[in-house]
Amino acid sequence: MNTFEIENLNLYYGENHALKNINVAIPHKQVTAFIGPSGCGKSTLLRTFNRMNDLIAGVKINGSVKLDGVDIYGDIDARKLRMRCGMVFQKANPFPMSIYENVAYGQKAQGVKDKKVLDNVVEEALRSAALWDEVKDRLHTPAFGLSGGQQQRLCIARTVAMKPDVILMDEPTSALDPIATKKIEDLMDDLRKDFTVVIVTHSMAQARRIADKTAFFLMGELVEHGDTKQIFNQPADSRTHGYITGDFG
Ligand SMILES: Nc1ncnc2c1ncn2[C@@H]1O[C@H](COP(=O)(O)OP(=O)(O)OP(=O)(O)O)[C@@H](O)[C@H]1O
């Protein structure tokens, strides 16, 4: 079963043809990694999944992106789409409020007021992000008091609290040290039980460790995608082989 099905997708930033006829399916409740050298279009493709590119002037898109069979570039509410497809960015971006308020924010914005319900959502989300034990005694202190790695897990908790179907992650560990990175990678096994996860990463080792599927991009083209083991052990395309063996990139 696939969460996303992308067919003949082309994206242009003005004259720059940034995604070239992309065809790929993103399987349900698995982790899919996008790899490839800088500028190959990984983040651009990730942003098409929740229509974040709509916010950039001069973008033109054609082809189809279906989420659970529905064309997300058809007549749909982009705000609702973004609630179904939460996003975690390279740099942790907590709101300037308490840990608790960060996680409760989305539910409150949806009109949830019941304190017990909110308490439960906050605890559950912080547990899912493996942060509960570290913060349970300081929930009402500012989120900015957390370390960088904790802030990133808080952002994951904030996303999880919205109960999305999909979590999109754009280089979520590139600003973190190896220990904080490992904590986030360890989370993936739990996240994939409940969510479809798509992660852009510069680290091939990370893709190997955490992804069920890997897609390799080069200059706007999807060169190859498949099971992570196959991509790294028996790539079908010489360009994939060249990249993973360090010939370029
Ligand atoms: N907001 C934007 N406006 C105009 N062009 C953009 C924008 N974002 C990306 N591009 C261009 O689109 C192409 C793909 O960029 P993108 O950021 O998707 O690549 P990437 O593989 O994610 O790169 P990196 O690994 O460096 O983040 C590049 O040529 C880039 O310059």
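Colleague: Which residues come nearest to the ligand?

Modeller: Tyr13, Ser38, Lys42, Ser43 and Thr44 come nearest, out of 13 residues around the ligand. A residue counts as near if its C-beta atom, placed from the backbone, lies within 6 Å. This is a predicted model, in which local features need pLDDT of at least 70 and side-chain atom pairs count only at pLDDT 80 or more, while totals for chains, interfaces and linings use all residues. Numbering starts from 1 along each chain as its sequence is written.

Colleague: Which elements give two or more residues to that shell?

Modeller: They are β2 and α1 (42–48), and α1 provides the largest share, three residues. Helices (H or I, at least four residues) and strands (E, at least two) are DSSP runs, numbered from the N terminus.

Colleague: Where does β2 sit in its sheet?

Modeller: The order of this open sheet of four strands is β2-β1-β4-β5, with antiparallel pairing; strands pair if DSSP finds at least two bridges between them. Both β2 (16–27) and β5 (70–71) have a single partner strand, so one side of each is left without a neighbour in the sheet.

Colleague: How many bridges join β1 to β2?

Modeller: Eight, with β1 (residues 2–13) and β2 running antiparallel. Tyr13 stands opposite Asn16 in β2, and Tyr13 is also among the residues that come nearest to the ligand.

Colleague: Changing topic, what is the strand order in the sheet of six strands?

Modeller: That open sheet runs β6-β7-β8-β3-β9-β10, with mixed pairing. Within it, β3 (residues 31–35) and β9 (residues 213–218) pair in the parallel sense over four bridges.
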